[in-house]
Every structure is written in C-alpha cells, then in structure tokens.
Amino acid sequence: MGLHAALDAGPFTSKMSNFPLDRAPFSELTPALRSLLGASASELAFHAGDPVLTPEMEPTQAFLIASGHVEQFNGDEAVAVIGPGEIFGARAVLAARASHRWQALDELHVWAIPRSTLQALVGGHAGFCSWLFGQISRRLVGAAQRDEQREFLSLMMARVQDAYVRKPFYVDAHTPITEVCRLLHDAGATTALVRDGERTGMFTTTDLRDALLRPQAPAQLPVREVAQFELVAVNAGDELYEAMLLMLRHRVHRVVVREGAVIVGVLSQLDLMSFVSNHSHLIAMQVEQAENLADLKAAALQLDGLVELLHSGGVKVPVIAGLVRVLNEQVFKRLWSFVAPPELQANSCLMVMGSEGRGEQILKTDQDNGLLLRDGFEFAGLEAVTQAFNAGLSEFGYPPCPGNIMLTNPLWCSPVQRFRQTIYGWFHDAQPEGPMHLAIFMDAVAVAGDTALLAQARAAVNEFSSGNALFLARFAAATDQFSAPASGWWARLTGRLAKEEPLFDLKKLGTFPIVHGVRALALEQQLDTVSTTERLRALVQRQVLSAEMARDLTEVLHFMMGLKMKNNLRQRQLGQPVTNLVAMADLGVLERDQLREALAVVKQFRQFVALRYHLDAL
C-alpha cells in the first residue's frame, strides 16, 4: 500500500468535472442511457499504491480513468499499465469475480460505474458493447503475447544440451578439400571437425569459399590449410543464453559443445535460432544486418523493450546486464563502422567506460566513450567523425554525458602518448577532477579498433600508481563522497515514512560506494579486470577481501541494480525522466527490508575502505 493509502486507508471523493458524456463512445449513447450514466457514475480518487480492485473484493463497479495510471497484476507479476480514457474492472463486474489485482500507480482519478449501469449500457447499445469488449479483447491478446514471451524466456533458460546439437563429424587434417566435401555430402553434414595432432579445428562452407580463392587446386589443398583452429566452446550443461552471448561476442556462427574435455557436438547459430525463432526476433541479427543508420537505430531502440521483457520474465539481473552489454557493444561497433573510414578504424581504439564498460548499465543512461589514436597518426576529418558518432548514439536513445565524457571532448580523444601524459597529471597535479577521471578510465573496455592502444594507456595507470600511497588514499576517499545526511536513511527505513519523504539516490548511496571502493582496491592491486564482480573475485584470490564480504557486496550490487532497473522501467511507463532517484513510498515492505540490510553491508564496506587507506588522516 502506498504512503497516503497507509494513512487514509482507501479511496476518497474526487472533485472533477462531470462525466465526459461528450466523448466517444458515450456520445453515441441514447439520451436515456446518457442520463443514467451521468446520474449514477461517482467520482473517486486513489493515492499511489492504493488497491482499487482485487480478487478479494466484490466487483460492484467498473472504472473509467480520468487521470493517472493503474497497474494490473497477475499474482505478484505486473502485467499491464493503463492510463486516461481506458476502462478496467468491467470484465470482473460482468463475471462477478476479479481474477487480477489493480493498483494505483500514481495519483489516480476515476469515474466508478455501478454494475447495474454497466449492464444497462452493454445490453442497451451495440456500439458501446463493441467498444468495451474491444478493450477487453486487446488486453487478452496482450496477455497471450506475454505468455509467448514467457515461453521464449523459459527456452532461453534451457540448457545447451536441450537444443539440437549436431554430432561431431571428424576428418583428418591431411584430407584434401575435395575429399572433405565428398565426405560431408555422403554424411549429410555441413561442418567437419579437423583432427590435426593434439589440436582440433573446424571446416565449414565459409572456409570452402576461401579455399576456392587460393591459387592451389582444391584437390591438392589439405583441409588443415583453411580450417579454423581457434574454436569457441560451451559445456553441454551451460544455459542456452551463454551460447548465444559467445556467438555474439566472438562473431561466430558455431560453437563446439563439450562434456568435460570431450567434444560431443556442434551447436550452430541456425540451430539455436530454430530453437527460439517462433518466439522472438533477436536484436543482434538486425544490428549485424543493418545497412545504414536508420536500420541500426531501429535495432538499438528495441534494447530497452528487451530489458522490460527479460525483467518481466524473471531473468536475473546479471544475465540481463550481460546480454545488454554485448548488444550495446555490437551497436557501438556497427555505428563506428558506418561513420569512421577504414584508415581511422585501423589506427585507433574506440572504448566505452563507466557502468557501460563494467557491464553494469542496463537501461540506456548517459554516454561514456573515448578514442585513443596511434601516435603519429593524423586524420583531417576527425572532429566530424566524432561528432557523427556521438550524435548517432543520441539518436539511438543513449543520452549525451552531462560530464562530457565523450569522443567530442579532446580530453577523451587523444593519441596514446598524450593520453599517458594526461594520466600522469591525474596522479601528480592534485587537480580535484583527476581521481574521478581516472576512475572513469579504469572501467574502459575496447569496442573496436586496435586493442593494443588501450593496453598501452592502461599500463600507464599501473606504472604511476605503484608505490603512490597518498594518491591511493585520495582516490579511495571518493567512496565516502556521497554520505547519507545526519538524520540517516536507516531511521527512515526503520521508522514510519514521513508525509513528504525525500528521494533516495540508488547510485550515490547504493552502488557507487561499492563500485568505487572495489575500484580503489583494484587500483592498489593493479588488476586488469573491469567489472565489479570480476574485481571482487580477484580480490578474494589475493586475500584482500574475505569470500563472505565479496559475496555480500556482489549480492547488494545486484540488488541495487535490480531496484534501479525496476524503478527506471516504472519511470518509463509513466513518461518520467529515467533517474537514479526512488521514493521510499514506491517500495514494498520486502524491498525496504532488503534495502535496509543492503545499506548495512555498504556501511560496513565503507568503514573497511576508510580503515585500509587511513581516510581519517586526510
């Protein structure tokens, strides 16, 4: 129940204008029915979180929304949000029972239509009956589509061994190409595994195409000369989505399937797609096949919808974040291929940073990207290219970075040697923005181009941080940058909510202390890993953190990410800006309990960081 609902306990009379009899379909009613409706409909209002209609209530009236939104639940699952001009509860009234729960999502004003009036309208006017049941029908169709989506999600949670894994077909590495093709034809296969001593390769029709372009005749060309020996593998017991992520990340169409060290088959992208093709169109296919910016934009704009689908299907936050990270990288890389000439692509490294680099961004927030250039390389049209890239991402729904951490900023578009000097300045110039700029760069991952350029710049971080205890303390101090106010969120979470409850910042008070504290420890240990969970695992291996603390921090991070995702999806449904702010009144009792426990872990970790780096002495 929402904040005001807990105080007022139920709907209250609302002062609105008269029932909108001048709007369709009510304007088409007979004068007698219009008079009946105008006289019997009552005006009610509900506060956010108030139950409007539940299976436990007797459905005596339907509701026409004047303003605000109502959320429909099937059990504990939110299945729909409807707004002004729509009727809900009519089906429950006519069936004499409610099978769903309807709850006010924000300040809700409705007209309540009594059962007797609704029955008179349905029985007395065919046009109104058609309109009403058209609305009900659309919702039923939507429910059926959600069932299909859930079926798709259950399939994606299936194991690799549940899909069609083709049995391995082996040939010897010395077999001529023409003989391999004959053997494949006789076996009805399209892929051969190639045994070459201790190593195993793969030969496909793509390799045959490349073989035909060689000057050597196929009959004299051994298959080992054209087979691919850097194979991507999954385990038979892995979840199917992991195989899909590997195909996307490595840009391959087949992976070998193992049980332990033994290859048991080959899973192709075609077979994976056939397993799920009746349930979803994968965005990655559209990205891969995009021929222009318009095609790529159409694919990129579907990403947030995919997040909503995965969330509604109960997919875990780390899985959603991992999938979004891979798809985002594909979008960025494809866009870069459209706007950057080949010469620039070959002599630069496009990188993403911040939460996008760590793989902890789910819905699109601000851009954090940069470009490293090979020393000595100059490109006359660089400014136009960088502007086109950042503008393209904005068109695709990735907002510009408020802090200007983008290619269009010369600070983040630099030759490697100059950028190394910039990093040196972050360590030694005592500029206040130095530590945070370094924090952003520490989360950088290469998306396109020469990854060695990023490795060269990253080496400077390890070089300049070595033995620099004072800077490490300055860097770690940002963990306490966003401390809770004196009154404390703890008291707010354990006590009764105030009427004017301030907003809670899920990033500043939740994820940031974890992310940055772990990042400080990673800088001290000169870790090359980027994601927070990978850094935590490495810190446990080096005995910097206990396994228990790392586990708690991982769980809290994922909880906060999930809470932010849920809040952002809610904001999108209401047409509000997507932010890190959430009102305590919007959280359920269980979520508030979990948040209280999560903040206790955050507090404990901040104390750990403060003691390790003697922050009280700064």
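By class, the second largest cavity is lined by four nonpolar, four polar and three charged residues. Here Ala, Val, Leu, Ile, Met, Phe, Trp, Tyr, Cys and Pro count as nonpolar, Asp, Glu, Lys and Arg as charged, and the others, Gly among them, as polar. This is a predicted model, where local features need pLDDT of at least 70 and side-chain atom pairs count only at pLDDT 80 or more, while totals for chains, interfaces and linings use all residues. Residues are numbered from 1 along each chain as its sequence is written, and side-chain values use heavy atoms, with hydrogens and water left out.

The lining of the second largest cavity includes Phe332, Glu356, Asp366 and Tyr398. Its volume is about 70 Å³. A cavity is a set of points on a 1 Å grid over the protein atoms alone where a 1.4 Å probe fits but cannot get out, and lining residues have an atom within 4 Å of a point. Grid points are joined across faces, edges and corners, and a volume is the space filled by probe spheres set on the points.

The largest cavity has a volume of about 90 Å³. Its lining divides into six nonpolar, three polar and three charged residues.

Now the helix pair, with helices taken as DSSP runs (H or I, at least four residues) numbered from the N terminus. Helix α2 (residues 31-40) and helix α4 (residues 115-124) pack at about 160°. They are therefore roughly antiparallel to each other, a term for angles over 145 degrees.

Key:
Axes fitted to C-alpha atoms, helices over the stretch in contact; angles between N-to-C directions. Helix = DSSP H or I, 4+ residues; strand = E, 2+ residues; numbered from the N terminus. Parallel < 35°, antiparallel > 145°, perpendicular 65-115°, else oblique. 1 Å grid on protein atoms, 1.4 Å probe; cavity = no way out; pocket = protein on both sides within 12 Å on 5 of 7 lines; lining within 4 Å.
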